Amino acid sequence: MIYLNYFLATFSSVLDFRTEISFKNSVTSLVNVAKPLVLQVLTDVKNGSFPLDNYTFRRNPSSNLTGKPGLYLLINKETKKLYLGGTTDLALRKADYNRNFNTGHRLKKVYSSMRPDLEHFGQNSFYFVPLVVFSSIDIVIPDQSGETVKKQLGKFFDQHVETHLLTEFIDQTSPIKNDFYNTVTIGAFQPNNNRGGSPQSGAADKALRYKNLYAWESIKGASESILVDRKSIRNKLEAGIFVRISQEEFNNFSGIKITNREAKTYFEKPENRQLLIDLRSKNLNLRTNNNINNNF
């Protein structure tokens with residue numbers, strides 16, 4: 001393949017998030033553009049024909065990435081491994097990676113599977129490749145969505161497009177699963193773990209569950225409903241007490257499902273107060289005291 005442009009492909013379309021069918025069509029249209037590109041880049045990286053030197057972290061005023069949403073790849077020249085991500089602003093994401101790679105106290109923000117190669121080969125072994133750039137795009141969202149266009153676009157990348165691609169690329173039966181730094185199908189760049197979020201915010205916006213009893217739309221929602229900080233939730237994830245689930249699994253969850261919108265109020269309902277006390281003290285081994293009852 002001959003690479004003539006700084007970004008490998010442009011995407012110009014209307015993304016319609018109003019119905020399930022139109023949303024799936026939007027996901028499919030972008031996946032159909034991105035999938036063959038990723039596979040071609042992987043092949044060319046392995047055989048040494050991909051022009052990595054065109055994609056260093058040096059500032060490129062002519063890149064035309066500022067404010068542009070899209071998909072990108074991080075590629076390590078030595079290991080020939082790829083990381084696939086999506087963002088609402090490619091220029092900002094590139095700058096975030098550059099800062100994280102070059103600043104000691106920010107290394108903890110680097111995706112965990114990348115850190116050994118970063119430490120061994122250095123930041124100059126990594127290259128940022130804009131894969132698909134949204135050149136002209138209209139986004140139609142539900143009138144009552146309650147979220148900004150940028151927020152919904154971020155979820156579109158993280159929870160749907162990336163998930164769709166990575167489910168195939170890093171499945172246990174995939175012959176190329178070891179060629180990716182991505183280790184989960186929902187996720188991107190989360191401090192101190194590999195379960196999602198942006199390299200700047202450090203906040204993951206992914207669903208999780210406790211056994212088959214409770215599911216939350218996000219870490220934020222879980223922390224607000226259980227009345228603990230987010231670090232406590234992440235610690236429970238590390239310990240395997242909470243488990244990450246896909247957005248589809250959350251939507252189809254048969255137990256108690258708590259959305260972000262109702263997280264703060266769900267356990268305030270009189271009929272749910274004892275559920276919170278039991279969840280904290282009996283199941284999660286969190287100290288329960290009068291401060292919980294005072295919150296109701």
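I began with helix H5 (residues 219-226), which lies across strand E5 (207-210), E6, E7 and E8 and runs at about 125° to E6. The model is a predicted one. I then looked up helix H6 (residues 230-238), which lies across E5 and E7, at about 90° to E7.

**Entry: the sheet**

I traced the strand order next. The sheet is open and has four strands in the order E7-E5-E6-E8, with mixed pairing. Its edge strands are E7 (242-245) and E8 (256-258), each of which pairs on one side only. I noted an average twist of 25° from one strand to the next.

I went through the pairs one at a time. E5 and E7 run antiparallel and are joined by four bridges. In this part of the sheet I found tyrosine 210 opposite phenylalanine 242 of E7.

E5 also pairs with E6, in the antiparallel sense and over three bridges. Here leucine 208 has tryptophan 216 in E6 as its bridge partner. The hairpin of E5 and E6 has three residues between the strands, and I recorded a positive phi near 50° for lysine 211 in that hairpin.

The pairing of E6 (residues 214-216) with E8 is parallel, with three bridges. Alanine 215 stands opposite lysine 257 in E8.

**Entry: salt bridges**

How many salt bridges does a search of the whole structure find? The search gives seven.

Glutamate 217 forms a salt bridge with lysine 155, with the closest N and O atoms 3.8 Å apart. Glutamate 217 sits in the loop between E6 and H5, while lysine 155 belongs to helix H4 (residues 149-169), so this pair ties together parts that are 62 residues apart in sequence. Are the two residues buried or exposed? Glutamate 217 is buried, with a relative accessible area of 15%. Lysine 155 also counts as buried, at 13% relative accessibility.

Lysine 220 is partly exposed at 38% relative accessibility.

Glutamate 20 has a relative accessible area of 57%, so it is exposed, the cut-off being over 50%. Lysine 24, at 48% relative accessibility, counts as partly exposed.

**Entry: helix H1**

Having reached H1, I looked up its geometry. The helix spans residues 20-47, which is 28 residues. From its first C-alpha to its last, H1 reaches 41 Å, close to the 40 Å expected at 1.5 Å a residue. Where does H1 bend? I found the bend at valine 31, with an angle of about 25°. Just after H1, glycine 48 takes a positive phi of about 80°.

Key
Residues numbered from 1 in each chain as written. Predicted model: local features only at pLDDT ≥ 70, side-chain atom pairs only at ≥ 80, totals over all residues. Heavy atoms only, no water. Helix = DSSP H or I, 4+ residues; strand = E, 2+ residues; numbered from the N terminus. Expected span 1.5 Å × (residues − 1). Bend = angle between axes of the 7 residues up to and from the residue. Pairing = 2+ DSSP bridges. Axes fitted to C-alpha atoms, helices over the stretch in contact; angles between N-to-C directions. Contact = heavy atoms within 4.5 Å. Salt bridge = Lys/Arg side-chain N within 4 Å of Asp/Glu carboxyl O. Buried < 20%, exposed > 50% of the residue type's maximum accessible area, 1.4 Å probe, protein only.
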